[in-house]
Amino acid sequence: MNHYRALISLGIPIVVGNIGNVVLSFADTLMVGHYGMRELAAASFVNTLFLLLVVFAIGFSMGITPEVGRRYGSGDYESIGKVVRASVVANLLLSLLLMLVCVVLYFQLHRMGQPQELLPLMQPYLLINLFSLPFICMTNVFRQFFDAIGHTKVSMIVMVVSNLFNIIGNFLLIFGYGGLPEMGLLGAGVSTALSRLLMVVMFSIVFFSFRRYKVYRRSFLSQRSDYSVFNRLNLLGWPSALQVGMETAAFSLTAVFVGWIGTMALAAHQVMITISGLFYMVYLGIAAAVAVRVSHFYGQHDLSAIQATTRAGFRLILLIAGTMAVPVFFLRHHLGCWFTDEPMVGVLVSQTIIPLILYQFGDSLQCTFANALRGIGSMRPMMYAAFVAYFIVSLPLSWFLGIHMGYGIVGIWYAFPVCLIVAGVLYWLIFKYRLSRL
């Protein structure tokens, strides 16, 4: 029971912060959807592509958790600040690379087969998101640091405050209230970018001002640079980023397929991505707690505790996923109407809810064991497993069912239960093998 209590204690603040992100996504989608269906469809495509870059950045930053957690578990607090400093450099360099990718996407939007009438909405919205990438990367560094040392409440407070700021900003800038200009979809982008800047400011204030983080600041501000830490973070970060990126690509790149079907399908896809995010972000909090606890036990060389923590995490996540699936199933005919007044979008959402519920077991399995592997710093094998599950299985199957067989967006989403189970089983096998070698 101690493992369950510890995971819940660590995980609940992360869950609250993640739910804040989901509430923000819900609010964004609701406000943009009620402003206009064209704006909702444009936001769907841009957000789906941009999410791939954001998740790639998050995946790269996950290399911080095993490095900080291992040192924290073994009591080597003095060296943690050097890890944070090396992470700042590595993640800022990554943000420049991601901005370059975003520029390429900006100039290739017209070649992606999307409805032409949406391009004038997509392009400025993508551009404003591009400039917020450095803020996202810096937020990732601080969040991974605070979570890895078990101070998950700091991240929770920062996320909740910034999300409230974003919701208010959306309301003012999308519709033009309070004497501000009516900016529509672009207003949602400006508000989101400002909220991302606010997160960096708040995290920096806590890290550089609070007394309890003095031991980490001392080595962070040290004149000596440890390039071995920088190299280690890259060795962990790139495979993790590729693994998470390929997982997200199974969802994000399907937006291209959905765009071939039409504007209604794109709008429904955005609603489904928002709903599925509610599931994932809730149990991702427990999975992140699994990674933190496993990294601490890894630093203490306690293999039995690593196994017990992972088992407890999987059971908790599966329980959460099953509990959340019940109300979503019974509300499936009403969920689409919450986001848009277009009846056809509501019908498509109600049909796509079924594959969403079906893939919860596979998602629980892959989420748990992926984070357990991150806790012990075993990133590279996951990258290869993710390639098989998401590129060899998911994307071709999505195209085959949705486009070739003509089942539309519902067929595209039925590929996800298959690929997530494949990923979960592969991660579980890798985890068993890695523990046998420790």
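1. The lining of the second largest cavity has 4 nonpolar, 4 polar and no charged residues. Here Ala, Val, Leu, Ile, Met, Phe, Trp, Tyr, Cys and Pro count as nonpolar, Asp, Glu, Lys and Arg as charged, and the others, Gly among them, as polar. A cavity is a set of points on a 1 Å grid over the protein atoms alone where a 1.4 Å probe fits but cannot get out, and lining residues have an atom within 4 Å of a point.

2. This is a predicted model, in which local features need pLDDT of at least 70 and side-chain atom pairs count only at pLDDT 80 or more, while totals for chains, interfaces and linings use all residues. Residues are numbered from 1 along each chain as its sequence is written, and side-chain values use heavy atoms, without hydrogens and water.

3. The residues lining the second largest cavity are F60, S61, G63, I64, S87, A90, N91 and L233. Two or more of them come from each of helix 2 (37-61) and helix 4 (80-108); helix 4 gives the most, with 3 residues. Helices are DSSP runs (H or I, at least four residues), numbered from the N terminus.

4. There are 0 disulfides, a disulfide being a pair of cysteine sulfur atoms within 2.5 Å. For C137, the nearest cysteine sulfur, that of C102, is 12 Å away.

Note on methods. 1 Å grid on protein atoms, 1.4 Å probe; cavity = no way out; pocket = protein on both sides within 12 Å on 5 of 7 lines; lining within 4 Å.
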